[in-house]
Amino acid sequence: MSTVAHRRRPSRSVRWPVRGVVANIAIFLILFYVVLAVLGPYLTPFAPNQLNVGPRLSPPSAEHWFGTDALGRDQLSRVVAAAQPALLAAVYAVTFALAIGTVIGIAAGFLGGLWDGALSRLVDLLFAIPEYLLAILVLTIMGSGLINASVAIGIVCIPRFARIARGSTLEIMGRNYIDAARLCGRGRIWIMRRHILPNIASPLVIMTAINLSTAEGAYAALSFLGFGVRPPEADYGSMISSSQQYLLTDPWLVVFPSIAFVVLVLAFNLIGDVMRDRLDPRSRTSAGA
Amino acid sequence: MTNVTPRSDIVLDVQDAVKHYALRRRGLRAPRRSVHAVDGVSIRLHSGQTLGIVGESGCGKSTFGRLITGLETPTSGTIRVGAHGVPIAAAHGTGTVQAVFQDPASALDPRMTVRESIAEALGKVAGRERERRVDEALAAVGLTPEFGVRYPHELSGGQQQRVCIARAIVDRPDLILLDEAVSSLDASLQAQILHLLERLQQDTGTAYVFISHDLRAVRQVSHSVAVMYLGQVVEQAPAEAFDRGLLHPYAVALRSTEPRILDEGTEHVERIVLTGEPPSAVSPPAGCRFAPRCPIAEDHCRSVAPDLVEATSGHLVRCHKPGELTLSGVARADAEV
């Protein structure tokens with residue numbers, strides 16, 4: 001019995017999965033954005049949505065570091081405020097896709113037969129529709145907004161998670177411990193939860209990290225098209241699109257939100273690559289998924 | 001004649017088990033075809049006994065193992081397990097039948113500790129009783145309690161197989177399937193594990209079905225041995241008869257190729273090398289299934305399929321010319337008179 005009392009924490013084969021300079025940079029950048037997203041309202045020098053806090057279309061100055069836009073709003077405050085919807089959209093979308101895609105994939109791989117056929121065809125169908133077309137289709141039905149845009153992106157990402165979950169599940173199904181669990185009288189739910197889910201976690205984690213950047217880019221694109229947060233609120237995509245006409249005369253209006261957006265996507269990309277290198281020794285390239 | 005032994009003594013009763021796997025048809029008009037993995041196997045096994053099943057790859061011995069554990073459902077035939085003769089479909093997952101597989105690394109979940117893996121068989125037992133039974137099982141297979149908190153990758157192959165055995169015995173099943181259970185271990189470990197299995201059987205009276213391609217291991221632990229060829233049992237003999245007096249040419253050929261130490265004092269053994277591959281299990285030969293490779297086959301063998309008949313008490317053979325091929329060569333029927 002004494003062994004139960006001091007059961008040491010097992011040395012799992014998967015430890016904290018990211019190490020190295022690139023990983024540290026990526027983590028630092030993402031933490032930076034998280035801080036902006038959480039503390040943004042307290043950090044901004046001006047209220048991001050308040051009109052005429054300074055002269056209209058003022059270039060970067062000591063008072064307005066990133067300048068002001070056509071309505072006289074402080075650009076720095078708006079760039080900081082836009083971090084929150086940007087992060088939330090990526091996290092919501094990927095969480096949604098991870099949850100649904102994993103359930104579909106495990107069910108298809110584990111139940112097999114007709115279930116597999118039906119679920120796989122459904123996933124193929126989603127995969128066959130061009131991504132942005134599908135997202136915009138969903139958004140025209142549900143209406144725009146942060147949550148709806150996240151769900152739309154999530155639906156687009158479902159097939160990737162479903163396929164990887166199904167493939168990994170099929171591989172695990174061939175292992176004898178699944179047979180052993182069945183002989184032990186364990187039901188399907190137990191086997192899926194205790195045996196399959198933990199053993200397909202690594203590829204799903206990699207997929208999650210990679211898809212964060214995809215989702216981020218997709219959200220900016222949808223926001224650019226006007227499907228993001230409602231207009232007075234700041235959003236990288238909508239800030240860029242509304243500043244298009246000033247691109248030649250007042251370029252800072254496009255440049256600063258673009259830089260903020262690109263750096264965030266880059267950070268997500270780096271995290272994805274680092275995770276994959278650490279968890280999936282077979283692919284040491286940085287090609288997209 | 002009926003029920004010479006009490007019903008409760010039989011823990012495995014297989015009647016004419018058949019397992020065909022349907023193949024995809026080549027076209028709409030093409031005939032339906034299927035792989036005859038197991039074709040009419042009947043076997044009875046008493047508690048405390050070990051039945052060995054030998055045969056080359058693809059002879060259906062592993063499929064037979066999956067049938068008696070309920071991991072596959074038979075195409076036809078009945079399989080009853082346990083002291084009460086419960087059909088396997090009803091007994092599946094109740095812990096009446098357990099299994100130990102060939103590759104212990106694949107039979108243990110890499111993300112479960114040894115204790116968790118063993119306790120998996122104890123679904124109905126909870127709390128302290130559960131911990132106690134796991135400790136007992138660990139001790140029974142010769143592992144100290146410290147092993148309980150380890151993960152499979154921290155164990156050697158032999159230790160992993162011991163954990164698999166502990167999981168198989170912890171819920172006290174009536175029958176354990178040992179599917180190539182020692183084949184992946186090296187020779188000294190094989191001996192250890194076989195010894196362990198024998199000791200456990202003496203203590204608990206569990207029946208084993210021991211499937212292997214390794215004749216020596218099978219012979220060592222089994223009370224009776226069945227030789228399978230292309231989905232059928234071609235010879236079933238008590239272990240004593242297996243040393244001498246095998247009757248089916250395939251069984252004799254198998255036995256003759258077994259590696260042996262020259263100085264064992266046995267008489268000269270002619271190695272009978274079978275030519276060709278076993279015929280396709282999709283369309284088995286019309287006559288004796290072994291006839292295309294049999295060194296002593298005649299026309300009669302190729303056209304009429306032999307039945308499994310009792311040659312001597314407890315010794316079944318499926319051959320038209322039983323006993324004509326022996327380990328020291330072909331015994332001419334006329335020369336023996």
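The paragraphs below go through a predicted model, from domains to chain contact, a sheet and a helix pair. Residues are numbered from 1 along each chain as its sequence is written, chains are lettered from A and ligands numbered from 1 in the order in which they are written. Because the model is predicted, local features need pLDDT of at least 70 and side-chain atom pairs count only at pLDDT 80 or more, while totals for chains, interfaces and linings use all residues.

Chain B is divided into domain 1 (7–23 + 33–222) and domain 2 (244–337), with bounds that come from an automatic or database domain assignment. The C-alpha centres of these two domains of chain B lie 30 Å apart. Their contact (C-beta atoms, placed from the backbone, within 7 Å) takes 10 residues from domain 1 and seven residues from domain 2. On the side of domain 1, β2 (34–46) and α8 (215–221) of chain B give two or more residues each. Helices (H or I, at least four residues) and strands (E, at least two) are DSSP runs, numbered from the N terminus. The largest share, three residues, comes from β2(B).

Chain B also touches chain A, with 27 residues from chain B and 21 residues from chain A. On the side of chain B, β6 (97–100) and α3 (104–107) each supply at least two residues, and β6(B) gives the most, with three residues.

Strand β6(B) also belongs to an open sheet of eight strands, in the order β6-β7-β8-β3-β9-β10-β12-β11 (chain B), with mixed pairing. Two strands pair if DSSP finds at least two bridges between them. In chain B, β6 and β11 (309–312) stand at the edges with a single partner strand each, so one side of each has no neighbour in the sheet. Within the sheet, β9 (residues 224–229) and β10 (residues 232–238) of chain B run antiparallel and are joined by six bridges. B:Ala226 stands opposite B:Gln236 in β10(B).

In chain A, helices α7 (residues 146–173) and α10 (residues 201–224) pack at an angle of about 155°, with their axes 10 Å apart. Axes are lines fitted to C-alpha atoms, for helices over the stretch in contact, and angles run from 0 to 180 degrees between N-to-C directions. α7(A) and α10(A) are therefore roughly antiparallel to each other, a label for angles over 145 degrees. Residues making the contact include A:Ile153 and A:Phe161 of α7(A) and A:Met207 and A:Leu222 of α10(A).

Conventions
Contact = placed C-beta atoms within 7 Å. Parallel < 35°, antiparallel > 145°, perpendicular 65-115°, else oblique.
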